[in-house]
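Opening the notebook on a new model today.

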Amino acid sequence: MKVYRSHRLDLDFSGGTAAQLQDYLSEPSRPLKALLNRKKVQKAEGGRFHYVSRPYSLLMFRIQPEVIFRARWIDTSLQIEFEDCTVRGLGKLDSLVLFCCSAKIFPRESSLVAEANLSLELKSESAAVWIPRSVLQSMGEKALQLIIERLEKRCQTGLLKGARGWILKYG
């Protein structure tokens, strides 16, 4: 069973040019510091990062994703690809849940655009027979909605604030 969601967010950004926004995004650690809790993200080699999210509450579960992802500036966008994600807090289902995400953030004149493709997959339904498929589907959709809401909030607050601050200081 798999649930999938694509999402796009256009962020109005007055006071900066597309070139300035491109300069800001072109060094991945700058926007990542604005998007993620700095205390929980660790930079690794090869443009990789390790991040442990704060927990989400979902029905009776308190889930906490732990992610290894790569962030790179390619052509005219910051591209973020999850390479490994472990979801903790689901008990015996921890090892059966696969979360995937790819995202890109790119500048436009007076705006930033963030796009993400997300999916949650239960690797083996036989281990979760005791949970009805409709409940699993609903839980997956709710989990993706919670993730999208958190990402939107981080883009609307942290990313815009980080870009404004950087442009005022260096742009």
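My entries follow, topic by topic.

**Ground rules.** I am working on a predicted model, where local features need pLDDT of at least 70, side-chain atom pairs count only at pLDDT 80 or more, and totals for chains, interfaces and linings use all residues. I number residues from 1 along each chain as its sequence is written, and side-chain values use heavy atoms, with hydrogens and water left out.

**Cavities.** How many cavities of 30 Å³ or more does the structure hold? I get two. For me a cavity is a set of points on a 1 Å grid over the protein atoms alone where a 1.4 Å probe fits but cannot get out, and lining residues have an atom within 4 Å of a point. Points are joined across faces, edges and corners, and the volume is the space filled by probe spheres set on them.

The largest cavity comes out at about 520 Å³. I find 28 residues in its lining, with Leu36, Phe82, Cys101, Ile147 and Leu151 nearest the centre. The elements giving two or more residues to that lining are β1 (2-12), α2 (29-35), β5 (61-74), β6 (77-88), β7 (97-108), β8 (111-122) and α3 (133-170). I take helices (H or I, at least four residues) and strands (E, at least two) as DSSP runs, numbered from the N terminus. α3 gives the most, seven residues. I sorted the lining of the largest cavity by class and got 21 nonpolar, two polar and five charged residues. In that sorting, Ala, Val, Leu, Ile, Met, Phe, Trp, Tyr, Cys and Pro are nonpolar, Asp, Glu, Lys and Arg are charged, and the others, Gly among them, are polar.

The second largest cavity has a volume of about 310 Å³. Its lining has 20 residues, and Leu90, Val97, Leu120, Gly140 and Ala143 lie nearest its centre. At least two lining residues each come from β4 (56-58), β5, β7, β8 and α3, and α3 has the largest share here, with six. By class I count 18 nonpolar, one polar and one charged.

**Helix α3.** I checked the span of α3: its 38 residues reach 52 Å from first C-alpha to last, close to the 56 Å expected at 1.5 Å a residue (1.5 Å times one less than the number of residues). Where is the kink in α3 centred? I find it on Cys155, at about 35°, with the bend taken as the angle between axes fitted to the seven residues ending there and the seven starting there.

**Rings.** I list five aromatic pairs. Rings of Phe, Tyr and Trp (its six-membered ring) pair if their centres lie within 6.5 Å, and planes under 30 degrees apart are stacked, over 60 edge-to-face, the rest tilted. Tyr24 and Trp166 make a tilted pair, 5.9 Å centre to centre with 50° between the planes. That pair links distant parts of the chain, with Tyr24 in helix α1 (residues 18-25) and Trp166 in helix α3, 142 residues apart.

Trp166 also pairs with Tyr170: the centres are 5.7 Å apart and the planes at 40°, so I call this pair tilted. Trp166 and Tyr170 sit four residues apart in α3, about one helical turn. Buried or exposed, Trp166 and Tyr170? Trp166 is buried at 16% relative accessibility, whereas Tyr170 is exposed at 53% (buried is under 20% relative accessible area, exposed over 50%, partly exposed in between, with a 1.4 Å probe and protein chains only). Tyr24 is buried as well. I also noted one aromatic cluster, formed by Phe49, Phe69, Phe82 and Phe99.

Conventions
1 Å grid on protein atoms, 1.4 Å probe; cavity = no way out; pocket = protein on both sides within 12 Å on 5 of 7 lines; lining within 4 Å.
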